[in-house]
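This report describes one protein model, going through its pockets, its cores and its backbone. Please keep the sequence and the structure in view while reading.

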Amino acid sequence: MAEKHTKRKSYTEAAMCLVHAAALVAEYLSMLEDRNYLPVGSVSFQNISSNVLEESAVSDDVLSPDEDGICSGRYFSESGLVGLLEQAAELFSTGGLYETVNEVYKIVIPILEAHRDFRKLTLTHSKLQKAFDSIINKGQKRMFGTYFRVGFYGSKFGDLDEQEFVYKEPAITKLPEISHRLEGFYGQCFGEDAVEVIKDSAPVDKRKLDPNKAYIQITFVEPYFDEYEMKDRVTYFEKNFNICRFMYTTPFTMDGRPRGELSEQYKRNTILTTMHAFPYIKTRISVIQREEFILTPIEVAIEDMRKKTQELTAATNQEPPDAKMLQMVLQGSVGATVNQGPLEVAQVFLAEIPADPRLYRHHNKLRLCFKEFIMRCGEAVEKNKHLITADQREYHQELKRNYTKLKENLRPMIERKIPELYKPVVKVHSTRESFRNHSFRKYDAQTSSQST
């Protein structure tokens with residue numbers, strides 16, 4: 001498998017095959033003799049990949065050291081283990097996963113130290129230095145892969161009918177590319193006229209499909225993380241490694257159209273969970289769970305404004321600064337000709353306090369989103385002032401005028417609060433009075449009792 005992946009330039013998957021093989025060898029070696037410098041079976045490989053635990057030898061049925069012909073290959077030795085891991089490290093490095101190179105060598109180095117193999121230790125540490133230098137120099141310039149959700153529909157697919165998978169494709173793979181490839185592959189299997197690609201991401205109604213055809217639905221998906229996960233996934237690498245949840249969005253309106261006015265635009269967020277985490281020994285993993293969340297028009301607006309604010313913050317704080325990127329994001333935020341831009345969103349959802357009290361909190365949440373958004377716009381304009389060249393001063397002044405105008409137009413809507421949301425939960429004055437009256441009554445009762 002590793003050789004096949006390497007020929008296809010899927011270096012990360014090839015490395016994962018060797019890591020799984022090394023984990024199996026580690027399981028075998030830990031059965032033979034307990035040596036503290038050796039990995040304690042596959043559990044020691046968890047930092048490389050959470051998938052590797054499937055190589056755990058939980059019984060003698062999996063690995064039988066005493067049985068002739070079992071585990072007798074050249075890899076089932078300490079030197080074989082080191083060889084597999086060193087090959088994996090090289091492939092990870094070729095694939096741009098330099099952080100994983102470090103995790104692989106954490107297992108290798110104790111074995112080399114126990115064997116006093118200083119020549120190899122010298123080479124290993126030089127490779128580690130190279131990997132760390134690459135992390136510093138390349139950082140977010142790396143491309144780790146593009147993901148697509150692929151659904152199969154039709155009896156021609158047999159067991160694949162109504163099954164979903166997430167495909168990992170090379171970086172910057174466009175939807176038409178994977179669509180053309182899969183359509184061609186299954187066209188050879190069933191005939192070109194029998195295969196049809198569903199162009200949208202809406203739920204598939206099998207009753208409307210031709211039973212004599214094979215249908216493929218392909219949707220671009222992105223890695224998805226809960227908020228608490230993002231605390232541990234700080235770097236660009238961490239946000240693209242060991243991922244098993246993906247999300248895609250489907251815009252819709254209540255009358256069946258995919259898109260409409262801001263006030264009628266709904267969105268369906270679909271979160272998929274795969275059986276294993278990417279990267280894996282395969283580039284296609286089956287989906288085992290699906291969750292759907294419907295966002296109302298004002299919730300769609302909140303999500304969009306948060307995204308715009310995040311883009312502004314990222315462009316403003318980027319190191320080293322990228323003036324072109326900052327100006328592009330800033331123009332999209334404060335530009336006077338932006339259709340369905342921030343001002344229109346505010347006019348649709350914040351111009352009036354909603355009549356339905358159930359929308360109060362969403363209204364207030366969007367108001368606070370705009371408050372942060374306009375603050376970030378100000379920071380971006382200020383940052384741009386220090387980045388522009390002499391011939392861009394007029395352009396900067398135009399951006400600044402647009403920002404000031406947008407800020408003034410938004411001000412009345414941002415500053416208008418819903419009174420009901422800011423009423424104190426507990427009336428402090430009346431509570432104190434009640435407590436004081438209760439204390440006096442208790443004191444009077446005690447006094448009268450004692451005098452009696």
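How much space lies in the second largest pocket?

## The second largest pocket

About 690 Å³ of space lies in the second largest pocket. A pocket is, on a 1 Å grid over the protein atoms alone, an open set of points where a 1.4 Å probe fits, with protein on both sides within 12 Å along at least five of seven lines, and its lining residues have an atom within 4 Å of a point. Grid points are joined across faces, edges and corners, and the volume is the space filled by probe spheres set on the points.

Of the 28 lining residues, Ser10, Lys168, Glu169, Pro170 and Thr283 are the closest to the centre of this pocket. Helix H2, strand S2 (164–169) and helix H6 (175–190) each give two or more residues to the lining, and H6 gives the most, with four residues. By residue class, the lining divides into 13 nonpolar, eight polar and seven charged residues, where Ala, Val, Leu, Ile, Met, Phe, Trp, Tyr, Cys and Pro count as nonpolar, Asp, Glu, Lys and Arg as charged, and the others, Gly among them, as polar.

## Basis and overall make-up

The model is predicted, with local features needing pLDDT of at least 70 and side-chain atom pairs counting only at pLDDT 80 or more, while totals for chains, interfaces and linings use all residues. Residues are numbered from 1 along each chain as its sequence is written, and side-chain values use heavy atoms, with hydrogens and water left out.

The secondary structure comes to 13 helices and seven strands, these being DSSP runs numbered from the N terminus (helices H or I, at least four residues; strands E, at least two). Of the 452 residues in the protein, 41% are buried; buried means under 20% relative accessible area, exposed over 50%, and partly exposed in between (1.4 Å probe, protein chains only).

A nonpolar core is a set of buried Ala, Val, Leu, Ile, Met, Phe, Trp, Tyr and Cys residues joined through side-chain atoms within 4.5 Å. The largest one holds 54 residues, of which Phe45, Leu81, Leu85, Phe92 and Val166 touch the most other members. Among the elements that supply at least two residues each are H2 (11–32), helix H3 (78–94) and strand S6 (266–278), and H2 gives the most, with 12 residues. Leaving aside residues up to four places away in sequence, Leu85 touches Ala22, Phe45, Val104, Ile107 and Val108, a contact being heavy atoms within 4.5 Å. A second, separate core of 29 residues includes Leu312, Val329, Leu330 and Cys369.

Because 16 of its 22 residues are buried, H2 is largely enclosed by the rest of the structure. At 1.5 Å a residue H2 should span 32 Å, which agrees with the 32 Å between its end C-alpha atoms; the expected span is 1.5 Å times one less than the number of residues.

## Backbone features in the loops

Most residues other than glycine have a negative phi, and most peptide bonds are trans. The bond from Phe278 to Pro279 is cis, with omega near -5°, and Pro279 is found in the loop between S6 and S7. The bond from Glu319 to Pro320 is also cis, with omega near -10°.

Arg116, in the loop between H4 and H5, has a positive phi near 55°, and at 59% relative accessibility Arg116 counts as exposed. Asn242 likewise has a positive phi, near 60°, but is partly exposed, with a relative accessible area of 28%.
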